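Notebook open, model loaded. I want to go through the folds first and the contacts between chains after that.

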Amino acid sequence: MISVEELDQIAETVRTERAQGRHQINVCVAAGCLALHSDTLKGALAERAQSSGISCQVRGVGCMGLCSAGPLVSVEPGAILFQKVKPEDADRVLDSLKAPPAKQHTDLRQTPFFKRQFNVVLENSGKIDPENIDEYIAEGGYRALFHALIEMTPAEVVQEVASSGLRGRGGGGYPTGLKWGTVAKAHGTIKYVICNADEGDPGAFMDRSVLESDPHRVLEGMTIAAYAVGASKGYIYVRAEYPLAVKRLERAIREARRLGFLGSKICGTTFEFDIEIRIGAGAFVCGEETALIASIEGMRGTPQPRPPYPAQSGLWEKPTLINNVETFANVPPIVRRSGAWYSAMGTPKSKGTKVFALTGQVKNTGLIEVPMGVTLREIVFDIGGGMPEGRKFKAVQTGGPSGGCIPEQCLDTRVDYESLKEVGSIMGSGGMIVIDDTSCMVNVARYFMEFCMSESCGKCIPCRAGTAQMYDILQRITRGQAGERDLELLIDLCDMVSATSLCGLGQTAPNPVISTLRYFKQEYLEHIHAKRCVAGECRMAATQAARS
Amino acid sequence: MKKKLATVWLDGCSGCHMSFLDMDERLIDLAEHFDLVYSPIVDQKIFPPDVDISLVEGSVSTDADEHKIKLIRERTATLVSLGDCAVTGNVPAMRNAFTVDSILERAFGDRPVTHPEIFQGLPKLLPRVRPIHEVVKVDVFVPGCPPSADTIYTLLRELLSGGSVDVARLTRFGA
Amino acid sequence: MTQAMEVKTLRIDGVDVSARADQTILEAARENNIAIPTLCHLDGLSDVGACRLCLVEVAGTNRLFPSCVTRVEEGMQITTSTDRLQKYRRMTLELLFAERNHVCSVCVSNGACELQALGQSQGLTHIEFPYRFPQLPVDASHERFTLDHNRCILCTRCVRVCGEIEGAHTWDVMGRGEKARVITDLDQPWGTSESCTSCGKCVEVCPTGALFDKSDVGTRARKHPEFLTYLNEMRGGQS
């Protein structure tokens, strides 16, 4: 079993190696840059360095955030960031080790995209090799676990997390400490901890990036949670579409077991806990906790009515703590530094930071982490860099298919659970899609409804048949085949489906329609009455008569 | 004053009209209160204006049906969808899961056509059979296949006297 | 039941009722002759809370509760039939009628169908939503029974009775959303199913004409789902 001293030793070794003056060339090998062949680039850099006799270390690191500028390469020390690097650029990157960086590679870290961010969850992303546990340890990794296991009682851990004000990052925003406390108090000797990594919102990749860039952080968070609630077994439910995350998690679990952070006698104590990976088969609804649990149990992933809540009766009818990737990723720094430190960030009701996947029609797209309470305007126009040339901002969509579209007049809304709800959207898991004037808002609503319709599990009638009818109506509107009556039916369905559906998927499926109707009703009416799409996106069929 | 009553036969089996006639001697009492101004059973080719009540049997299946029902709607105060074909599409709409071409092919494809001229001027099948209320506004819905004579009698008696009917108490889909 | 069971008192539609602590709102209501419409619920099977017809209002919250899976609580004030609930119930039924091809006039269960009867009792005379007219298959490969997907409402009574009572688990559901459908074994023709015991329980519990006995065609035969409660009693389980 590893001791705190050995932990220090590992960290020291890594630091010494780094301090030896050798340069490090960090190549992003998270999925975004990997898709742009950053692995080939990494090979080319290593080869060129070797053949030209330059002493440096070429490493693969996790996501650096500015995915739109990938593949990204950073050079340490010096904190120089190169963007859109091709294998033939290898020499130029290597040149920067000798001389001051070439002018064309201005230090991107000084741009608003990076300067306006604040990293807690992503503190190690893009800095450490996700496939090397030593590097996580060198950044203070697994200290929190030692601290919790040796110096705190489970109740104290729950208390610390509660005092941090952390709320569920999967979208619900339920106070994490409260959830942990419920599971801790639940009767039973067998309890489970589940990490929900079934991220499925269109345009969202926060959890994937955390798992690919810093997997140990999640394992450590889960292990601390298990200690706090009294669980001895954990599952990470990852979607099959994330093979790289699965591979890195598998490796991280093996390494954590080797060093005694998982298994029996963790950190030399009597605490036992192990983690198994369960791979989802691509159903969005399995992100709903009861459906996810059914899927882990080997059954069809359909939700069940709550109560009973998983905290009382979850996996195999045992008390189960289920949190999202980002929630667990917040736990080690909270335990390491204190709940008070965490709760100093953010707004009165929404503490800490939030990771967003900023996508859509905005200059800088990628992964960002901001303190709660920043405005949407800061995110879109400072961090995101605003609209591409000649385009006009129209809306920002948060919360994926359960969320809403927020128009320009609400851009000064602060990012926190309550404020986003007030303007008709939700925090959600962190998808943030910027929409400009070339997009039709009815079509945006249609897109999300199509998603909900095909991802509905089919169990309850309102969601299964209601989303299909709503999709049909939106389809008719965007084709210029709808009448006034269709709009009435659509509004009735929004109310009925959200009020009567069994699980969150159906209950929130009308949200994109409700929010676009709230802010962009004019566009709906123009499609219906004038058969006109102001964005020019919808093709109106003149033939079929509209329903009266 | 007597009300102007019309009965219309779109795409249906005429069963609803049979049910109408099944009112038997009650028709004689009812007839005190209406003039039958248009019907498959009277010799009137053009749908007249200012009709008070139109009972429409059958679904909208052809371009001719669509044209007719729009005219009827214009000229009728109270439009009644009579029977399941009018209300739901019913049996005629069972072709909706298929294309018009595949249906014509299935029905006539392997038959030799000796007199192709007989097909000329036939109404064109719409891509989809629709219940009447998907095409024009309907005031009263009377499901049933067919609605019973009792149902039609109660309905007509109330409509002719200006009353209203809780149709669901009288009949249902498939009744 | 020898042990004394805790009793809760509550109010349903203005009537004071008492119920055992382990009873659902639906059970308590029906014991007191208060009717709540249901489709997926069937006495003798586990509840899934899927059809949403039995939703009721509980004072103090805007949320609606499926009465088939919500346990009674002390002091609950329940309303089973507000304008809002009735509107939702009608819409739910309309969504079902529009979803597949429910042609009552030519259905083997015409006059003996729970969907049809509910439509009438909830005051439906027509369907506001456009019919979707999907193209769906009929499986008549079993020598005695037929499965007609056009008439299936996915209540999963067949799935549950086969798994929970017969123990064969021939039935299950595949596909998602509007494409979901019941299947036998691994989506193979019913007639080739090796797990099916041909007991016919699925047919008896099916609320519509989706599952029927071939010999009943043209007879307007009623189904007899009430066998379940007797069977459970005979087996010594809960009635």
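**Entry 1: domains 2 and 4 of chain A.** I started with the spacing: the C-alpha centres of domain 2 of chain A and domain 4 of chain A lie 34 Å apart. The contact between them takes nine residues from domain 2 and eight residues from domain 4, where contact means C-beta atoms, placed from the backbone, within 7 Å. On the domain 2 side I get six nonpolar, two polar and one charged residues. For the classes, Ala, Val, Leu, Ile, Met, Phe, Trp, Tyr, Cys and Pro count as nonpolar, Asp, Glu, Lys and Arg as charged, and the others, Gly among them, as polar. The assignment for chain A reads domain 1 (22-107), domain 2 (141-343), domain 3 (353-436) and domain 4 (441-530); such bounds come from an automatic or database domain assignment.

**Entry 2: ground rules.** This is a predicted model, so I note that local features need pLDDT of at least 70 and side-chain atom pairs count only at pLDDT 80 or more, while totals for chains, interfaces and linings use all residues. Residues are numbered from 1 along each chain as its sequence is written, and chains are lettered from A and ligands numbered from 1 in the order in which they are written.

**Entry 3: chain A overall.** What radius of gyration does chain A have? I get 24 Å, which agrees with the value near 24 Å for a compact globule of 548 residues; the radius is taken over C-alpha atoms, and the globule rule is 2.2 Å times the number of residues to the power 0.38. The C-alpha trace spans about 75 × 65 × 40 Å along its principal axes. Secondary structure comes to 22 helices and 13 strands, as DSSP runs numbered from the N terminus (helices H or I, at least four residues; strands E, at least two). Buried residues make up 57% of the chain, with buried meaning 20 or more other C-beta atoms within 10 Å of a residue's own, again placed from the backbone. Of the contacts with a separation of 6 or more, 74% join residues 24 or more positions apart.

**Entry 4: strand β6(A).** Six of the seven residues of β6 (233-239) of chain A are buried, so the strand is largely enclosed by the rest of the structure. β6(A) pairs in the parallel sense with β5 (192-197) of chain A over six bridges, and also in the parallel sense with β7 (274-280) of chain A over seven bridges; pairing needs at least two DSSP bridges between the strands. I checked two positions: A:Tyr192 has A:Lys233 as its bridge partner, and A:Arg239 stands opposite A:Gly280.

**Entry 5: the core.** The largest nonpolar core has 289 residues, and those with the most contacts inside it include A:Ile194, A:Leu321, B:Val56 and C:Cys158. A core here is a set of buried Ala, Val, Leu, Ile, Met, Phe, Trp, Tyr and Cys residues joined through C-beta atoms within 7 Å. I followed A:Leu321: beyond its neighbours within four places in sequence, its contacts include A:Trp180, A:Ile194, A:Val229 and A:Ala311.

**Entry 6: chain C.** Chain C divides into domain 1 (7-81) and domain 2 (86-231), with C-alpha centres 25 Å apart. Their contact takes 15 residues from domain 1 and 20 residues from domain 2. Against chain A, chain C puts in 26 residues and chain A 25 residues. The largest share of the chain C side, seven residues, comes from α2(C). By class that side has 16 nonpolar, four polar and six charged residues.

Methods:
Two residues are in contact if their C-beta atoms, placed from the backbone, lie within 7 Å. A residue is buried if 20 or more other C-beta atoms lie within 10 Å of its own, exposed if 12 or fewer, and partly exposed in between; C-beta atoms are placed from the backbone.
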